[in-house]
Amino acid sequence: MNQYTTNSAQQTIALGTSFAKDCRAGDVLAFFGGMGMGKTAFVKGLAKGLGISADVTSPTFSLVNEYRGEALTLYHFDMYRINTWEDLYSTGFFDYLDTDAVLAVEWSENIENALPEGAVYIKIQAGENEDQRIISIGKGEEFDEDIGD
Ligand SMILES: Nc1ncnc2c1ncn2[C@@H]1O[C@H](COP(=O)(O)OP(=O)(O)O)[C@@H](O)[C@H]1O
Ligand SMILES: [Mg+2]
């Protein structure tokens, strides 16, 4: 697992942009961390790194936003309101899993049982002050079982 410390939203965005270089077709990026931790900030940077110029915002009401990048399509999910398998099916999550797109999934706590094997976990935690975040990136098995608590 890799761990990063950022001290501003801009630094988290920049981390997302550099992370885009490691993204491959079919990758699922599962974000963990509560409200205001910087999940959307990371995805904003990720989108930029994938060559997407659109302004990325939390898909809280739309549940999923689609962006066409230079080489890869990005589906950006917000699972905040997803409580049941039926809800999850309705987002199209399982359909997009079978494509060559990159999936970025905010509030993966709510769908952890549905994440595919090999999903990349991105956990954002508060740091020592208001603007600091500790960002851990790795495979699911590298994280505690209670990641979603
Ligand atoms: N190091 C940091 N990384 C990311 N966001 C930060 C950081 N420090 C402060 N912030 C602020 O935290 C908020 C993060 O919002 P957002 O990315 O929408 O979070 P989330 O999608 O996790 O709810 C923004 O208001 C941002 O300015
Ligand atoms: Mg968000």
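Mentor: A residue is near a molecule if one of its heavy atoms lies within 4 Å of it. This is a predicted model, in which local features need pLDDT of at least 70 and side-chain atom pairs count only at pLDDT 80 or more, while totals for chains, interfaces and linings use all residues. Residues are numbered from 1 along each chain as its sequence is written, chains are lettered from A and ligands numbered from 1 in the order in which they are written, and side-chain values use heavy atoms, with hydrogens and water left out.

Around ligand 1 there are 16 residues, of which Thr12, Gly36, Lys39, Thr40 and Asp131 come nearest. For Thr12, a polar side-chain atom lies 2.6 Å from a nitrogen atom of ligand 1, a polar contact being here a pair of N or O atoms within 3.5 Å. Asp131 takes part through its backbone, where a polar atom is 2.9 Å from a nitrogen atom of the ligand, and a backbone N or O atom of Ser8 lies 3.1 Å from a nitrogen atom of ligand 1. Taken alone, ligand 1 exposes 570 Å², and the protein buries 72% of that, with accessible areas found by the Shrake-Rupley method with a 1.4 Å probe.

Helix H1 (9-19) and helix H2 (39-49) are the elements that give two or more residues to this shell, helices being DSSP runs (H or I) of at least four residues, numbered from the N terminus. The largest share, 3 residues, comes from H2.

Key
A polar contact is a pair of N or O atoms within 3.5 Å; within protein, one must be able to donate a hydrogen and the other to accept it, and residues adjacent in sequence count only if both atoms are side-chain atoms.
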